[in-house]
Amino acid sequence: MTTSHRLSRRTLLRATAAAGGAALLSSCAGGSGNAVDLAYWNFFGGSDGKLMVELVNRFRAEAPNVRVTATTLMWGPPYYTKLAMACAGGRAPDLATMHGSRLSTFGRDLLDEWDLDELAARGVSLDEFPQPVLDRVLVDGRLMALPLDTHPLVLYYNTDICEKAGLLAPDGTLAPIHGAEQMLDAGRRAAEVTGAIGIALGSLHEAHIWMPFWSGYRQLGGQMLLPDGGPAEVDRDAMVGAMTFLRDLCDGTICSPSLDGQSSPAAFASQQAGFLFVGPWEVTSARTAEIPFSMTQFPALFGDTPYVRADSHSFVLPTQAQVDPAARSAAYDMAVSMLRNSLAWAAGGGHIPALSAVADSPEYLAEKPVSNYRGAAQVVAFDPEAYFSGSGSTLMARAGQSLQGVTSRALTPEQGADDLIGWLDDQLTLGSPL
Amino acid sequence: MSAGTVAAPGRVEQPTAPRRGPSLVGGRGGIWFVLPFMAVYAAFVLWPLLYGLGLSFFDTSLVRAESRFVGFDNYVRLFADSEVWRTLGITVLFTIGSTIPLVVIALVMALLVQTGVRGQWFWRFVYFAPFLLPVATVVLIWQWLFSGDYGLINAALTGIGLPEVGWLTDPAVGLWSVVLLTVWWTIGFNFLLYLAALQAIPAQLYEAAEIDGAGGWRRLFGITLPLLNRTTGLVIVLQVLASLKLFDQAYILYRANGGPGGSATPILQYVYDTGFTDYRLGYASAISYVFFVLIILIALVQARLSRRSES
């Protein structure tokens with residue numbers, strides 16, 4: 001009795017060990033028809049983060065055999081540092097999100113290109129993306145990032161305040177604004193209605209202030225080439241022009257020169273301002289506040305083409321020391337799935353879908369006010385190309401300092417331009433790390 | 001201690017019998033006890049120190065595999081880099097601006113607690129408690145206090161009829177907000193050092209002085225402060241070295257952007273930005289080595305000064 005009992009326990013142990021080992025082996029094998037592990041990194045917090053979780057969950061439902069580990073890291077420099085180090089170390093995630101503007105650093109050595117045949121097999125081809133965005137994500141003709149959206153600077157307006165200020169067209173939308181003077185005037189009139197300010201702009205937030213600056217600079221015909229070793233090829237007049245506009249804007253009435261990244265959407269949401277200059281993602285805070293508002297494309301302040309600073313959340317395949325074909329295939333599946341499901345991303349987050357199948361769909365066109373500014377995708381102005389430029393970059397942080405100097409009137413626009421150009425020259429002299 | 005080990009007065013102690021087994025101090029077995037520490041120290045302090053020094057002579061990049069030996073190029077370059085001097089200036093300003101209150105206020109707090117207030121344990125706890133908080137928590141608390149729209153400090157200022165201050169938005173104030181936060185956060189440590197030193201002063205000295213008719217101020221300047229000299233020297237050295245290493249609270253408070261107009265970018269953040277945001281590891285190493293040498297020089301000068309004042 002005792003013996004048989006002992007034997008049966010041993011058998012049980014043995015069986016358990018064997019089963020465990022088999023499970024371990026099968027999880028290691030991965031691609032052999034069983035579960036595939038897929039690591040995905042992104043930087044979406046707040047309301048965008050919720051939408052991203054939704055997209056990931058939809059893919060999980062579509063592909064139950066893929067075990068997705070979605071990691072959300074802190075937006076900005078820390079994200080790109082971690083991703084660069086992971087790529088350089090060879091143990092990067094299978095799929096990651098990146099701003100199109102950061103490809104000048106990452107696109108050269110740290111990412112694998114997207115295989116167009118693999119994409120075609122999943123029903124995605126290049127002619128389905130807006131040309132200006134495509135131009136940015138193609139590096140030497142190779143597709144280094146798959147765009148999910150375009151997110152330009154947009155113009156939010158409070159319909160009540162604008163109506164009282166006489167700024168609405170007969171159809172209830174904002175009457176077209178042509179030129180910087182009209183924009184300033186609209187701001188003044190809105191300020192008269194609110195009794196506070198006319199336009200909310202986070203002039204102390206480097207990304208918020210960079211967006212109207214870069215839009216104005218590009219509308220004034222400004223180009224910026226940042227060759228290694230320097231000097232920077234910059235249109236100083238256009239820079240002074242764009243900075244002069246920002247100085248006139250931040251006169252304390254039209255715009256406050258001391259709003260930061262959180263207070264400017266808050267000022268708009270609490271109806272302290274008739275307009276808001278920021279990216280489309282603040283649509284959530286305006287909706288939550290339940291204020292009467294709408295959104296439109298950022299106007300042409302200078303010239304005829306309303307170039308507007310934009311970026312594109314894209315998917316990239318970080319370079320890995322060893323690529324697991326099953327995980328790589330799942331990464332294609334997941335990226336395409338998120339592209340196809342980007343209506344939720346657009347409707348909730350305000351981003352313009354990159355994929356034309358979504359951007360041209362009646363469902364998206366019916367999404368108001370977020371589809372009002374979809375035309376911006378054709379006139380996007382990406383940041384200049386350099387290893388230190390793009391969203392969450394050193395250039396943005398440092399330019400923010402020059403621009404704040406101008407908006408706080410510590411610097412004249414001429415001094416602000418020289419300050420920024422001087423820094424650019426210094427930075428280029430240091431030599432590129434690429 | 002057992003009674004048997006105490007030598008009787010007047011009796012010469014006999015040499016104890018040689019112990020059996022290896023000695024922990026003299027024997028060769030001791031190395032095994034310090035080896036774990038030495039291994040960790042070598043792997044995480046000595047090796048990175050040497051590796052970083054080596055890096056500073058190369059144009060090493062975080063995003064490129066190969067690197068080139070560039071000799072002293074990085075060092076030559078950093079002396080012409082205005083950003084190095086600007087951020088170094090900010091760091092020195094912060095060090096001066098934070099060390100003075102962190103020494104003076106800590107001393108005053110320790111004196112107040114020591115001089116017979118009731119419920120000493122409570123004050124000791126209250127003064128020391130912020131030091132126990134992690135930096136992210138401290139910054140979150142102060143971000144709220146400093147906020148322009150709903151911050152407690154500005155609400156209090158306007159409540160008593162004073163104008164609002166752009167704690168996080170005014171380039172002239174940005175660095176001093178970091179000083180204020182740092183003083184609140186770290187003063188407990190200096191306070192504790194002073195309190196320990198105060199408690200070590202024999203009560204007889206005060207009794208004798210009192211008999212001689214010395215008042216409170218006389219006792220403070222005649223007995224307490226002179227006897228605290230050594231502690232003050234230590235507190236200043238530790239504080240200067242800690243303040244020079246300003247990074248995390250400024251980095252988190254201003255979300256890595258250097259504060260309004262870049263007014264709160266310490267040199268360590270410039271090193272971090274250069275190395276990890278701009279991927280230029282070699283150059284960042286060179287800057288950090290120059291800063292390292294500077295810190296060592298300051299520590300040596302202070303040690304020399306305090307030795308002179310003691311003698």
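I began with the interface and noted that chain B and chain A bury about 2,300 Å² between them, 52% of it on carbon and sulfur atoms, where buried area is the accessible area (1.4 Å probe) that two parts lose on being put together, summed over both. On the chain B side, I found that Val63(B), Asp278(B) and Tyr279(B) lose the most area to chain A, together 24% of what that side buries.

I kept in mind that this is a predicted model, in which local features need pLDDT of at least 70 and side-chain atom pairs count only at pLDDT 80 or more, while totals for chains, interfaces and linings use all residues. Residues are numbered from 1 along each chain as its sequence is written, chains are lettered from A and ligands numbered from 1 in the order in which they are written, and side-chain values use heavy atoms, with hydrogens and water left out.

Next I looked up contacts (heavy atoms within 4.5 Å), and saw that 24 residues of chain B touch 31 residues of chain A.

How many salt bridges are there between chain B and chain A? I found zero, taking a salt bridge as a side-chain nitrogen of Lys or Arg within 4 Å of a carboxyl oxygen of Asp or Glu.

I then turned to polar contacts (a pair of N or O atoms within 3.5 Å; within protein, one must be able to donate a hydrogen and the other to accept it, and residues adjacent in sequence count only if both atoms are side-chain atoms), and recorded 13 residue pairs between chain B and chain A, both residues at pLDDT 80 or more.
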